[in-house]
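Biologist: Please show me the chain, and let us then work through it by question and answer.

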Amino acid sequence: MGKTNEEGKEVDQLVKILPPEDIETIYVAEKLLQQAEEAGMTNLTESAERINIPTNHLKRVEEYTTHILLVLEKFGIILQTKPKKKPAKAQHRWNKAVSQMEFFVDDFDSKATIIWQKRNEMLIKAGAVMKQEMPLNKDGSVGMSARMAEKIRAENADKFKDFVTTEDIVLKSVNEVGLFLYFAGTNS
């Protein structure tokens, strides 16, 4: 025979949580209610009296409720929504919708309209203004980015005059566009 809960309904599982003396039970209850709410269990949170957990208690309460959630999960009670994993860095992926948009550069002493035509093909429209002065390293030497930019500019020397493009230029990547226009570093 099972036990009965406060509403007189029969239950087959009972969990009693007794936090350590340095953690207020009411704060643990509030944190568990917050977790239940995030998991979409509004029937648990509708009638509950809500409080604010003081910031000086929050870290300890969160650590303790993490352990409680693990135990509850073993009972089949899941109050925790697993966060979606975010990629470690920005994803620069091409798709057909991107090819319909124009991108604009208006910074670093340069201005341009750019279209990402294909996965490895970016078009800089004619009339783009390029940065004129090459940035130098602290010791006055020419950096790797500036050398690469000079190489790209030399390959396309017939397509610009007085640092303004006279015809459309097609480059392979966002990085090349940044290098060409304003001597950008990698990951433009």
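**Burial, helices and strands**

Modeller: In this predicted model, buried residues make up 27% of the 188 residues in the chain.

Biologist: How many helices and strands does the chain have?

Modeller: Read along the sequence, the chain follows the pattern β-β-α-α-α-β-β-β-α-β-β-β-α. The totals are five helices and eight strands.

Biologist: Why does alanine 149 count as buried?

Modeller: Alanine 149 lies in helix H4, which spans residues 144-155. A residue counts as buried when its relative accessible area is under 20%. Alanine 149 therefore counts as buried, because its relative accessibility is 0%.

Biologist: Leaving aside neighbours within four places in sequence, which residues is alanine 149 in contact with?

Modeller: A contact requires heavy atoms within 4.5 Å. With the neighbours within four places in sequence set aside, the residues in contact with alanine 149 are Leu179 and Phe183.

Biologist: In which sense do strands E3 and E4 pair, antiparallel or parallel?

Modeller: Strand E3 covers residues 103-107, and strand E4 covers residues 110-118. E3 and E4 form a hairpin with two residues between them. Their pairing runs over five bridges, and its sense is antiparallel.

Biologist: Which residue in E4 stands opposite phenylalanine 104?

Modeller: The two strands, E3 and E4, are paired with each other. Opposite phenylalanine 104, the residue in E4 is threonine 113.

Biologist: What is the phi of phenylalanine 108?

Modeller: Phenylalanine 108 is in the turn of the hairpin formed by E3 and E4. Its phi is positive, at about 55°.

Key:
Residues are numbered from 1 along each chain as its sequence is written. This is a predicted model: local features need pLDDT of at least 70, side-chain atom pairs count only at pLDDT 80 or more; totals for chains, interfaces and linings use all residues. Side-chain values use heavy atoms; hydrogens and water are left out. Helices (H or I, at least four residues) and strands (E, at least two) are DSSP runs, numbered from the N terminus. Buried means under 20% relative accessible area, exposed over 50%, partly exposed in between (1.4 Å probe, protein chains only). Two strands pair if DSSP finds at least two bridges between them.
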